[in-house]
Amino acid sequence: MLCIAGTVPSHDFPLVGGEATLSGDRLLVGTTSIDVNRGTPALLAAAVMAAETLELPPPFALLVGDTGTGRGSRALYAHLAEVLPAKSFKTITFHYLQPIIHWHNRLLDVIKTLNPRPCLIADAGFMYAAKMSGAARAYDLFTPDVGELAFLADEKAPHPFYTRGFILHENNRVPDLITRAYLHRNAASYLLVKGEKDCLADNSGILETVGTPVEDVLEAIGGTGDTLTGLVSVMINAGMEMRKAAVTSMRINRMAGRLARPTPATQIMEIIREIPQAQRDLTRLS
Amino acid sequence: MAFFDFFKSKKTTEKPLPPDGKEDRGFLVFENTGEVIQAETLLKQNDRLIRVMGPPPEIRQGCDLVIEFPLIEKLEILRILEEAKLPPLKMVPVSGPLLEPVDIFQVKDYGAHLMVRAANMKLTVNKKTLVIVNISGGGCPDVPYLGACMVGKTLAEAPSPREIGHTLCGYALQLAYEELRRRCFV
């Protein structure tokens, strides 16, 4: 089963766990209903849509409210460390959590004891924590955007906020940033880089690139990177080999974006709604 | 707006902190980023020559900031903070270089919309109505919260990320917000 762990933007949202479903435009975990804005709810909604189309079980969500104080994130880190040994998730995707090094390390110690070891995907704040802990190589996949790739490439930056200027200026040189991230051991086994062209890379360089369809405005729309992480999580959990999972997900995400006829004001749910059609179109094309 | 003033001051510094003689600078460590924001505002209001910087590796916990200050003003700064019931956890001499926050903006004009990116955060407005139409990027948990609070409001109406954010991603969004306000004459 696929587990997705992250936060929702609420002060008083309790820690909840359960299979995620969609009811209209709202995400349901048990009886709890969540607005799909951006962040982990967007990732989950995309994963729910994709899994449903593929007739796969829905993802298991572990969510908690956190508006940036870190209180909810700490509770979720602690909960994960407690419950994971008793679970048998095939894939775990860690998402919007406050990057807290000691909590990350405590959780990773628990994960290392799991047998079989789940496939580990990290994005957003949890990916920052993994990198700044020096434990990036323990993960199977990171899903940075180009700005976050620059952060991974900067061996001195503990957060994207501190990425040094001379590295940020290399934004258009994705292959160089990938090389640098691997050189300093700050990348997972694979990197799925979200950008003008999405690409999958490993320590040998770029393996796959998907650049079409092109919708320039997707960069401005909050959640388009989250949906891609949700899609690739489902594909990997379904047993697809990494390259195929990445290419399939990058194509579906771009096609769903195109189908939504986006403007910079488009909201992420408008794109998520198009994922099933994009999946069907991709199947027809291939 | 003190934090953003720091970025401006990189170009037009009136009263620079002492140059790289680390022995005459220290840094203040607080419980969390929210306290750093409060302390920074307070010290700037008191005309203290401080800067928000990244902490050195030995005290780094994750998403954090410290305040760099002239050591010679240690007692005075401590007094200001204690009077405001905002004492730091530690006051430590600077023994190595502190990390500087990014100060590069990238701007994309979509015709009817304008997007500004600061570090990993992107903020987009409708140029005519000045309504914030999207926030993207970032990875800390206040980003979705900031999105929920700001999207759909004008640049003039929306709460600033500084007021309601707690993390470095929130700070980065503040920079994009300030830059958009400057470009849109708000």
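With 8 C-beta neighbours inside 10 Å, B:D47 counts as exposed. That is where I will start in this predicted model. B:D47 sits in the loop of chain B that runs between α2 (33–45) and β2 (51–53). Its phi is positive, about 60°, although B:D47 is not a glycine.

Where is A:E55 found? In the loop between α1 (40–53) and β5 (60–65) of chain A. A:E55 is exposed, because 6 other C-beta atoms lie within 10 Å and the cut-off for exposed is 12 or fewer.

Next, the cis peptide bonds. One joins A:N115 and A:P116, with omega about 5°. A:P116 is in the loop between α3 (101–111) and β7 (119–122) of chain A. Another cis peptide bond joins A:T212 and A:P213, and here omega is about -10°. The loop that holds A:P213 lies between β11 (205–210) and α8 (224–237) of chain A.

Last, the contact between the chains. How many residues of each chain take part? On chain A there are 40, in contact with 38 residues of chain B. Three helices of chain A, α4 (124–132), α5 (146–153) and α6 (165–168), each supply at least two residues of the side that touches chain B. Which element gives the most to that side? α4(A) does, with 6 residues. Sorted by class, the side of chain A that touches chain B has 21 nonpolar residues, 14 polar and 5 charged.

How values were computed: Residues numbered from 1 in each chain as written. Chains lettered and ligands numbered in written order. Predicted model: local features only at pLDDT ≥ 70, side-chain atom pairs only at ≥ 80, totals over all residues. Contact = placed C-beta atoms within 7 Å. Helix = DSSP H or I, 4+ residues; strand = E, 2+ residues; numbered from the N terminus. Nonpolar A, V, L, I, M, F, W, Y, C, P; charged D, E, K, R; others polar. Buried ≥ 20, exposed ≤ 12 C-beta atoms within 10 Å, placed from the backbone.
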